[in-house]
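Hi,

Here is the structure I promised to pass on. Have a look at it first, and then read my notes below.

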Amino acid sequence: MMKKSHATRFLSLVLALVLSFSLCIPAFAAEGFSDVSESHWAYNDIMTCAAQGIVTGYEDGTFRPEDEVSTVQFLVMLTRTFYADELSQVTTPAGQPWYYANTKVAEDVSLSSQISVSDKAINRYDMAQVLYNELVISGKKISIGKDNANAAASSIKDWSKIPSDRQLAVKYCYAAGILTGMSDGTFSGDSNMNRAQACAVIVRMMNLINGSAPVQPEQPTQPEQPEQPEETGTGKLANGKDATTENVLEILAQIQEEYPTGTVWDEKGTDGNYYAAGNNSTDVKAVTNKFKTINNKITSTQYACGGWAAMVSDRIFGQTGAPAREVTDPSKIRAGDLLICLNSKGQLTHVAIVSSNASYNGTFWGFTICGGNSSGGYVSWDTSLGSLNINRCYTRYPE
């Protein structure tokens, strides 16, 4: 369904050569890129985009994840991701650049609305605007809701510096979980987007749009009193207290004090932040082993996001003795549950811990998450609103 992708930097004097690269290098996507190791923070996202033909590498086998992305490049990537049918209907007139169809479709569907289309590097403000345009086009903006968007804005440290004509886009993209900001909690909109970041936000958008619609509660759309998960008070947590969400939230607060947002937690345990005992996390591994990553591997429970999720879950429930079971009713999701994030092919892209009980916003049940190896190899807390969509949730609370 996806066309082969162009992934080289746009240089006006070598457009023809660039195009030939984009058409003849898909083998690099299957074998990996020489400059993108499995420890790279965006490895899974880059490989997902490569596998689906959204990006490819250079002739020398590199991907160059830090290279800047132009506005045209970003529109090419997004139109190849979401508008393959529309692209197939466009004929490029003689004398027009090879990306003519992409920019025309982007204009026709309003994807490029309110930005200047050029081959200059796209900054994060314009990136947010394009992503917001897609949220509007796809109808996902409505499901996010104003309250969630406004709540997301309050978590952005440099919110007051964001231009008024970009604030709507930024806060909705944050609330949707497409943008998570920098490690210091700022959005830093003046910074330019790079190739790794482009892959990350595209995968997040794919997960949001290509997944099923948010699961609706069986109650009327405006229940008088949304039901909260029952607290049985039975069973014990690892600290000996009753297995209630109140006590789980207490443990999460302790962990957040130890590992605040921005703490290094990457693929290889930089600064010693990894879960050394993760291989003994029997109950968590029983869940993560159900899913293969995009490179057909099992997620580690020592390093990266899997290690973080195992560490937090074990701090709450212990390494064994609290087997997990799947939660399919979104209203029953609780703080401390495991969230398995999947792409449209059912491949694991991220593992996180639910950091709040599910809440109903008038449209769907959502929740916040915390994770390691987020936003460039760091810990993030409560930075995105989740939903089941194509993701899977597992609880270790006693039945």
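**Salt bridges and other contacts**

There are 11 salt bridges in this structure, which, keep in mind, is a predicted model.

Start with helix α6, which covers residues 100-108. Asp 108 and Lys 104 both belong to this helix and sit four residues apart, about one turn. An α-helix has 3.6 residues a turn, so residues that are three or four places apart point the same way. The two side chains meet in a salt bridge, with 2.9 Å from N to O. Lys 104 is partly exposed, at 30% relative accessibility.

Next, Asp 242 and Lys 236 form a salt bridge whose closest N and O atoms are 2.8 Å apart. How exposed are the two partners? Asp 242 is partly exposed, with a relative accessible area of 29%, while Lys 236 counts as exposed at 55%.

Then there is Arg 392, which forms a salt bridge with Glu 326; here the closest N and O atoms are 2.6 Å apart. Arg 392 is in strand β7 (residues 392-395) and Glu 326 is in strand β1 (residues 325-327), so this pair ties together parts of the protein that are 66 residues apart in sequence. Both ends are partly exposed: Arg 392 has a relative accessible area of 28% and Glu 326 has 35%.

One more for the charged residues: salt bridges link Asp 126, Asp 165 and Arg 166 in a network.

**Rings**

Searching the whole structure turns up 12 aromatic pairs. One of them is Phe 33 with Phe 63, a tilted pair at 5.1 Å centre to centre and with 40° between the planes. What does this pair link? It links distant parts of the chain: Phe 33 is in the loop between α2 (26-31) and α3 (43-51), and Phe 63 is in the loop between α3 and α4 (71-82), 30 residues apart.

Trp 98 and Tyr 99 make another pair. Their ring centres are 5.7 Å apart and their planes are at 85°, so this one is edge-to-face. Trp 98 and Tyr 99 are both buried.

There is also a cluster, in which ring pairs link Tyr 259, Trp 265, Trp 308 and Trp 381.

The charged end of Arg 64 sits over the ring of Tyr 58, 3.7 Å from its centre. Lys 141 lies over the face of Tyr 172, at 5.3 Å from the ring centre.

**Helix α11**

Last, have a look at helix α11, residues 195-209. The helix has 15 residues and reaches 21 Å from its first C-alpha to its last, close to the 21 Å expected at 1.5 Å a residue. Is α11 mostly enclosed or open? Of its 15 residues, 14 are buried, so the rest of the structure largely encloses this helix. Its N-terminal end is capped by Asn 194: a side-chain oxygen of Asn 194 lies 3.1 Å from the backbone nitrogen of Ala 196.

Cheers

Note on methods
Residues numbered from 1 in each chain as written. Predicted model: local features only at pLDDT ≥ 70, side-chain atom pairs only at ≥ 80, totals over all residues. Heavy atoms only, no water. Phe/Tyr/Trp six-rings, centres within 6.5 Å; stacked < 30°, edge-to-face > 60°. Helix = DSSP H or I, 4+ residues; strand = E, 2+ residues; numbered from the N terminus. Buried < 20%, exposed > 50% of the residue type's maximum accessible area, 1.4 Å probe, protein only. Lys NZ or Arg CZ within 6 Å of the ring centre and 35° of its normal. Salt bridge = Lys/Arg side-chain N within 4 Å of Asp/Glu carboxyl O. Expected span 1.5 Å × (residues − 1). Polar contact = N/O pair within 3.5 Å; in protein donor to acceptor, adjacent residues only side chain to side chain.
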